[in-house]
Structures are given as structure tokens and as C-alpha cells.
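Dear colleague,

I am passing on a structure that you have not worked with before. Please look through it alongside the notes below.

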Amino acid sequence: CFLTMKETDREAVATAVQRVAGMLQRPDQLDKVEQYRRREARKKASVEARLKAAIQSQLDGVRTGLSQLHNALNDVKDIQQSLADVSKDWRQSINTIESLKDVKDAVVQHSQLAAAVENLKNIFSVPEIVRETQDLIEQGALLQAHRKLMDLECSRDGLMYEQYRMDSGNTRDMTLIHGYFGSTQGLSDELAKQLWMVLQRSLVTVRRDPTLLVSVVRIIEREEKIDRRILDRKKQTGFVPPGRPKNWKEKMFTILERTVTTRIEGTQADTRESDKMWLVRHLEIIRKYVLDDLIVAKNLMVQCFPPHYEIFKNLLNMYHQALSTRMQELASEDLEANEIVSLLTWVLNTYTSTEMMRNMELAPEVDVGTLEPLLSAHVVSELLDTYMSTLTSNIIAWLRKALETDKKDWLKETEPEADQDGYYQTTLPAIVFQMFEQNLQVAAQISEDLKTKVLVLCLQQMNSFLSRYKDEAQLYKEEHLRNRQHPHCYVQYMIAIINNCQTFKESIVSLKRKYLKNEVEEGVSLSQPSMDGILDAIAKEGCSGLLEEVFLDLEQHLNELMTKKWLLGSNAVDIICVTVEDYFNDFAKIKKPYKKRMTAEAHRRVVVEYLRAVMQKRISFRSPEERKEGAEKMVREAEQLRFLFRNVAPRRAGWGKPGFGEDVDGYCDTIVAVAEVIKLTDPSLLYLEVSTLVSKYPDIRDDHIGALLAVRGDASRDMKQTIMETLEQGPAQASPSYVPLFKDIVVPSLNVAKLLK
């Protein structure tokens with residue numbers, strides 16, 4: 001402490017030195033030394049005065065504290081003495097308290113008797129009130145019955161509460177009171193049954209006797225108030241009367257929920273075995289019942305319940321949950337494809353439509369946007385997968401069956417039916433696309449996405465179906481060629497098959513236009529070219545088969561062309577024209593554009609066969625007269641063929657007169673051009689005529705020219721050599737519109753040396 005004082009003194013001296021040094025930095029400040037001394041003296045006196053005051057204050061506080069501690073010590077001693085006196089008195093009074101036990105029992109008994117006297121009237125009238133309450137319940141006077149029941153319960157609960165308050169451990173008296181009022185609980189249960197029966201029929205009761213429903217609600221509301229009062233008293237006393245709380249409001253909603261569930265489940269009147277439309281009927285009954293019930297609840301039941309019950313909102317949730325449960329149950333069953341459609345259409349569309357939850361009579365209380373889906377997305381996805389799988393199998397089976405049925409028609413002895421324009425057809429396209437339409441219409445009821453998927457499926461299966469159709473048509477043609485007498489109407493049904501291809505094309509386009517919003521949807525736009533190719537191939541093979549049929553009949557007469565018999569007056573071309581015209585009377589029932597192609601091909605092939613007859617060197621003219629006669633006959637027959645194919649060709653749009661068909665004269669001009677070479681009388685001009693022929697028909701070959709010269713029979717060896725050498729210099733350039741004729745004509749083997757002889 002001494003060292004601390006010395007350090008403090010040194011710090012004070014150092015500080016003083018600094019202060020003085022600061023004051024006396026200039027010489028003129030020495031004049032103010034006395035002034036500085038007085039000021040510092042005043043400050044010192046002030047500090048000393050404050051120190052003395054502080055010390056004095058501390059001393060006074062210590063003095064006061066010591067005085068209070070002294071007083072507290074005296075008080076503690078007094079309390080200790082008082083406690084000793086109390087302890088002594090308590091020990092002396094123990095025996096006195098035990099002697100008052102009889103008095104205590106008398107007080108308890110007195111309190112019980114007082115409570116009994118107070119409720120004496122009710123106690124004596126309990127049996128009578130029970131009978132009256134029972135009668136009122138049986139009569140349906142529920143409000144009066146409940147009033148008497150409350151009186152009984154109030155008397156019982158009052159007596160039991162007094163007993164509990166006086167002696168909570170006295171179970172014997174509690175049991176006695178409870179037993180005396182034992183009928184009360186039975187009455188309460190009986191009344192509750194009546195309430196639940198009314199609630200179960202509430203949707204009917206509210207129309208016939210809404211006051212009865214109001215009475216039930218009032219009784220439940222009374223019981224709720226009693227429950228709340230008893231629970232509040234329990235927090236204070238711990239006493240709860242038997243059977244409380246009743247929670248009748250909670251039970252009421254449970255009853256309503258069970259009633260709603262039973263009503264939904266009870267709408268199934270049929271099974272699949274008894275009625276194929278069982279699910280449709282079941283869903284329609286549900287729709288009608290739910291809509292009617294909710295309308296009644298909104299317009300009538302709401303008026304019978306307090307607003308805080310939110311009865312319509314609760315009923316709406318109950319119906320929605322019951323429907324969701326029922327839909328889940330139905331979805332878990334082994335549903336057929338049409339049943340899946342019915343279920344999903346109802347769940348996804350009907351339920352939220354104006355026919356049900358969006359009905360104007362339910363607005364604005366029902367907000368469809370807030371309703372949870374009846375079926376989860378996972379369940380819907382599973383159902384759709386099952387539907388698509390089943391639909392795929394069904395479509396394959398339906399298409400196979402339709403084709404088998406159509407094949408049976410091909411063997412009939414009667415001609416196929418014709419459409420309104422007179423074109424032969426079978427029912428196959430109509431059956432197929434009617435089936436597609438039905439499935440697409442059904443899918444469209446569910447969702448746009450499913451509709452697109454079903455369309456893709458239909459087109460995919462159509463692709464496979466057309467391949468089978470092509471194979472069957474080919475087999476049909478081959479079977480006929482084995483025995484041309486069977487089937488009797490082969491030509492007519494082959495025409496129908498060809499026409500079906502055009503119908504299929506048009507139907508596919510129509511189907512896509514009707515059910516596709518966007519033509520470039522994946523998997524759909526790519527299917528059309530493939531199917532068009534198959535259909536064109538079927539039609540082409542069909543037309544080829546029909547032409548083959550024609551030329552089998554023409555074969556004998558075509559073989560007569562350019563022979564001695566022909567030159568002497570054969571009527572082979574007349575027969576050819578009659579035969580072709582007869583066939584084309586049937587071919588007139590082929591739809592464009594196939595008929596146009598077929599006519600052109602028939603015309604081309606007849607001309608090719610005519611030219612082939614020339615190139616086969618069946619005849620060699622021996623004189624100019626024979627050449628002239630043969631050439632003129634060729635020209636006449638070319639005109640005859642020209643006239644024939646003008647008549648049988650499809651008419652141009654807007655042209656009604658027969659004989660004005662497509663321009664097909666070019667083929668017959670080839671016969672005329674060849675005839676001009678044969679007819680030429682001046683051999684020196686033969687080279688020029690042949691050159692003209694070659695320039696006009698670039699596909700003509702040297703063997704064709706050799707055969708043509710051989711038919712003329714008068715070309716010299718040098719002329720033949722000159723013509724052949726000139727032709728070898730290179731073929732002429734063909735025009736883009738030129739249709740080759742000579743490339744398909746094979747000349748019988750004949751070496752050049754022999755030709756030159």
C-alpha cells in the first residue's frame with residue numbers, strides 16, 4: 001500500500017510538472033504565475049471539499065447499515081422464539097384435532113343431505129321423467145325429450161359433483177347415484193339413434209320436414225355447449241360426469257360421411273355379367289344423385305345448420321372423397337377397354353363439366369379449380385396404358401376379322417355393290433374407318449393427348465393392315481390365274497379392291513384432317529407417304545392383274561397380227577377392240593386416277609404387242625402392192641385402236657360427250673410411223689424414213705430396224721448396211737415427255753449376216 005502511495009505521488013508530481021510546463025512556455029506568462037497559483041488553489045480546495053463530502057456520505061451509509069443489521073438480528077431472535085411457541089402449541093393440540101373427526105363426518109353428511117334436499121323433487125321424479133322422455137322419443141318429439149333428458153342429467157351431474165367435491169374418493173356413493181340415474185344413459189343413446197336416423201335421411205327430410213332437421217341440429221348444438229361447459233369446469237375441479245363429452249357434432253359429421261359413402265356405393269345396380277353397360281349406368285346414377293344431393297344441400301340444408309358448421313363445404317368434401325374412393329375401387333378392377341374409357345371420361349370430363357360440379361345451380365359455392373383429382377396421375381396413366389394395350393389388340397383383331405370377311409365377299413357369285421357414282425367397292429374401308437372413328441371419338445372425350453395417341457396407333461396398324469391387304473390381293477390374283485373360271489366375279493372384285501385403295505387414301509387424309517390440329521406431330525406425318533406407297537402398289541398390281549386378264553383373252557388374236565392370215569383379211573383387231581371395249585365397260589367402274597393409268601397402260605401395251613408382232617417378222621412382203629396393202633391395213637387398225645381408246649379413256653372434267661378422253665393418240669401414231677416405213681415405194685428414200693423413225697422414237701434399236709427391213713422384204717444389202725452403220729453412230733436424245741415403247745420389245749435372234757442376205 002505504501003509503495004502504491006509513492007507511485008501515486010510520483011505520477012501526481014509528473015502531471016503537475018507537465019501542467020506547469022504547459023502554462024509557462026513563454027516569458028510573458030511569468031507575470032501570470034500568481035494568477036495561476038490562485039486558480040490551482042481554488043481547484044484544490046474544491047476537490048478536497050468533494051472528497052470530504054464523499055467520505056462523510058460513505059460513513060453515514062455504513063452507520064445506517066450497521067444499525068439495520070442489529071435490528072434484523074433482534075427480529076430473527078423474536079421469530080425463532082415464536083416458532084418454538086407454535087411448535088409447542090401444535091404438539092399440545094394434536095389430540096384435540098383427532099377428537100373432532102366425528103364433527104367432520106357430520107359436516108360432510110350434512111352437506112350431502114343439503115344437496116339431496118335441494119334436488120329432492122328431481123330425485124323422486126326420476127322414474128316418471130324417464131318414462132315421459134321415453135314416450136317423447138317414441139313420438140318423435142325430440143326437442144321436448146331432450147329437454148327432459150337435460151333435466152335428468154343436470155340432477156345427476158349436480159349430485160355427483162357435490163359428492164365428488166365433498167369426498168372424491170367415496171366411490172360407493174358415486175356408484176349409488178350413478179345407478180339410481182342409470183336409465184339416463186340409455187335414454188341418451190336412444191335419443192342419439194333417433195338423431196342419427198334423421199341425419200341419415202337428411203337430404204329427404206330437409207325437403208319434407210325441415211323443422212325436424214332443425215330440431216336435431218338444435219339438440220346437437222345444446223349438447224356441444226354442455227360439453228364445452230363441462231370441459232371448462234374439468235380444468236378447475238377435475239370432475240367429469242359419466243358419458244361426457246358426448247361429441248355429438250363430431251358424430252354427426254361421421255354419420256353424414258358414412259351416409260354419403262353408402263349412397264355412392266349403393267348406386268351400382270348391375271354387374272358386367274348382367275349388363276354390358278353396367279359401368280355407364282353406375283356412373284350416370286352417381287352423377288345424378290351427387291348433383292341432386294349437392295343442389296339440395298346448397299339450397300335447403302344450409303338454412304338448417306348454423307353458419308360455423310359450414311355444412312355445404314363439409315358435404316362437398318365428403319362427396320368428393322367418397323367419389324375418389326369409389327373411383328379408385330373401380331380403377332383397381334379388371335376393366336375392359338370400353339369401361340376404362342367410360343371411367344376416365346367421367347373422372348376427367350363429366351365430373352368437372354356443367355353436367356355435374358360446374359353446374360350453374362352449384363355456383364359460386366363449388367370451385368372446380370380447388371377440387372383435387374378423383375384419380376391420381378399415376379392411376380390415370382396406368383389405366384391409359386392398359387387401354388392402349390387392349391385397344392391395340394382389339395384393333396389388330398378387328399382389322400384381321402374385317403379382312404377375312406372381305407375375302408369371303410371376293411368369292412361371291414354376285415357383283416360387288418357400287419357407290420353413288422357407280423364405282424365398285426366393298427365394305428372394307430367403311431368398316432375399318434368407322435371403327436377408327438369410333439375409337440377416336442371415344443379418345444377425344446378423354447383428352448387431346450389420348451386422341452393423338454389413338455390416331456397414331458390407328459395409322460400404325462393401318463400400315464400393317466395394308467401390307468396384309470396387299471398380300472391377300474396378290475394371292476387372290478394368283479388363285480384366279482390357276483383357274484380363270486373361278487371366282488365368277490373376279491374382275492369386278494379386283495376393281496373393287498383397286499377402288500378401295502383410293503377410298504383408303506381419302507379416308508386417311510380425312511381422318512388426319514379431322515383429328516389432328518397439327519400435321520407435323522411426331523409419328524403421324526411420316527405415316528402417310530408409306531401408306532400411299534402401299535396403296536398405290538396394291539392398285540398397280542390390281543390393274544396389272546386385270547390387264548393380264550385382258551391380254552390372256554387377246555393372246556390368240558394378237559398372234560394373228562402381221563401374218564398371212566392377217567393380210568388376207570383377218571378380223572383380229574376387230575375382236576381385240578370388241579374384247580378391250582367389253583372389259584373396259586367393267587373398267588369404267590374404276591376410280592380415277594387408277595382408271596386413267598390403266599387406260600394408258602392398256603393402250604400402250606396393245607400398241608407394244610402390235611409392234612412386237614411387226615418385229616417378230618411373221619410376214620415378209622413380196623411386192624409393193626402387198627406392202628401398200630399391209631401398211632394401209634396397219635394405218636386403218638391404228639385409227640381403229642385410236643378410236644377405241646379415245647372412247648374408253650376417262651372423260652375430261654366438264655366434257656360430257658363420249659369419245660373425248662385423255663390425249664392418248666401418241667401410241668397409235670407409232671404404228672402409223674412404222675406403217676409409213678413399210679409403205680414407202682421408193683427404196684432410195686428408205687434411209688431418210690428410217691432416220692425419221694429413229695429420231696422420233698429414240699429407244700428403237702438396230703435389231704428393231706433390221707426386223708422392220710426384213711418385213712419390207714425389198715431393202716438391198718447395201719441399203720441395209722448403210723442404215724445399220726448410220727444407226728450405230730449413236731442414239732438420238734429423247735424428249736422428257738417421251739414414253740418408251742420399243743425397249744420392251746424383244747426381236748427374235750437373227751444375226752446381221754443373215755439380214756444382209
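Predicted model: local features only at pLDDT ≥ 70, side-chain atom pairs only at ≥ 80, totals over all residues.

Residues are numbered from 1 along each chain as its sequence is written, and side-chain values use heavy atoms, with hydrogens and water left out.

Across the whole structure, a search finds 16 aromatic pairs (rings of Phe, Tyr and Trp, the last by its six-membered ring, with centres within 6.5 Å; planes under 30 degrees apart are stacked, over 60 edge-to-face, the rest tilted). One of them is the tilted pair of Phe 253 and Tyr 309, with 6.2 Å centre to centre and 40° between the planes. Because Phe 253 lies in helix 11 (residues 248–265) and Tyr 309 in the loop between helix 12 (278–299) and helix 13 (311–332), the pair ties together parts that are 56 residues apart in sequence; helices here are DSSP runs (H or I, at least four residues) numbered from the N terminus. Phe 253 is buried at 16% relative accessibility, and Tyr 309 is buried at 2%, where buried means under 20% relative accessible area with a 1.4 Å probe and protein chains only.

Ring pairs also join Trp 410, Phe 433, Phe 436, Phe 465, Tyr 469, Tyr 476, Tyr 490 and Phe 504 into a cluster.

Asn 439, in helix 16 (residues 428–446), is buried with a relative accessible area of 10%. Leaving aside residues up to four places away in sequence, Asn 439 touches Tyr 387, Leu 391, Trp 398 and Val 454 (contact means heavy atoms within 4.5 Å).

Finally, the charged end of Arg 263 sits over the ring of Tyr 289, 4.4 Å from its centre (CZ of Arg or NZ of Lys within 6 Å of the ring centre and within 35 degrees of the ring normal).

Methods:
Helix = DSSP H or I, 4+ residues; strand = E, 2+ residues; numbered from the N terminus. Buried < 20%, exposed > 50% of the residue type's maximum accessible area, 1.4 Å probe, protein only.
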